[in-house]
Amino acid sequence: MAPARFVAGMLLAAIGCVLSVAADNPTTTSPQPFVWQKAHATFYGGADASDTMGGACGYGNLFSEGYGTRTAALSTVLFNDGAACGQCYKIACDRKRADPLFCKPGATVTVTATNFCPPNDALPNDNGGWCNPPRPHFDMAQPAWEKIGVYKGGIIPVMYQRVPCVKRGGVRFVINGHEYFNLVLVSNVAAAGSIKSMDVKTSDSDEWMPMARNWGANWHSLANLTGKMLSFRLTNSDGHTLVFNDVVPKGWNFGQSFASKLQF
């Protein structure tokens, strides 16, 4: 019996070691944002995507801001009141559900969320109300959509997944508004692409002041920041934080843009 108890004890110890290793290495499955999921996609903006400028994220001229024609407007469930602005998605036509005449098999395209596709309550979800809740839907810039679909199809079923954003240069800031209302646009964000929280600090203070999302990728502060040297602290939607010390010089004016050398 003693040898049997010894073997049992060894097995229990081995199982305990395996469980301990598993606990210390929890990344055995893909995080939910990177799992392939089902949706549908349409297109807008014209063949040159010129009518996609502006948008509910506030990036303005998507060409000069570096987003180009690889952009999309998200339905309500994906847009999340602007929290998804800047996120990147890899999209492919779903061959299993698509009409083969309108699908480009094997092709994928990566787009950045720059706009909101509003619901249309006057139309049913499956016949024109494509962006109605709870449908996940991408209204893509036409050049991006045509990478995966044939123009005559109009709407195609797709598979999509969140992917890290790849950007050139550092995070950029544009300050608009007026005294006691400072509206800061945050753009060119790599990795997660989207910002979860933002704080500001002036050069004459050690206190970080929280900012609030105003709309899209614009954050506001009601403090008197006019003309002061500013630092920003950003936390992205993956929970990573960067501090942009003195990124805005003293004597700045509303409407100016400031490029940092830091990137997520």
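Tryptophan 252 counts as buried, at 4% relative accessibility. The model is predicted. Burial here requires a relative accessible area under 20%. Phenylalanine 254, with a relative accessible area of 31%, is partly exposed.

Ten aromatic pairs occur in the structure. One of them joins tyrosine 89 to phenylalanine 138. This pair is edge-to-face, with 5.3 Å centre to centre and 65° between the planes. Tyrosine 89 belongs to strand S3 (residues 88-93) and phenylalanine 138 to strand S5 (residues 137-141), so the contact ties together parts that are 49 residues apart in sequence. Tyrosine 89 and phenylalanine 138 are both buried. Tryptophan 252 and phenylalanine 254 also form an edge-to-face pair. Their centres are 5.0 Å apart, and the angle between the planes is 85°. Elsewhere, one aromatic cluster is made up of Phe43, Trp145 and Tyr151.

Strand S8 (residues 181-187) is largely enclosed by the rest of the structure, because six of its seven residues are buried. S8 runs antiparallel to strand S7 (residues 172-178), and seven bridges join the two. Arginine 172 has serine 187 in S8 as its bridge partner. S7 and S8 form a hairpin, with two residues between them. In the turn, tyrosine 180 has a positive phi of about 70°.

S8 also pairs with strand S11 (residues 218-221). Four bridges join S8 and S11, which run antiparallel. Valine 184 stands opposite tryptophan 219 of S11.

How values were computed. Residues are numbered from 1 along each chain as its sequence is written. This is a predicted model: local features need pLDDT of at least 70, side-chain atom pairs count only at pLDDT 80 or more; totals for chains, interfaces and linings use all residues. Side-chain values use heavy atoms; hydrogens and water are left out. Rings of Phe, Tyr and Trp (its six-membered ring) pair if their centres lie within 6.5 Å; planes under 30 degrees apart count as stacked, over 60 as edge-to-face and the rest as tilted. Buried means under 20% relative accessible area, exposed over 50%, partly exposed in between (1.4 Å probe, protein chains only). Two strands pair if DSSP finds at least two bridges between them.
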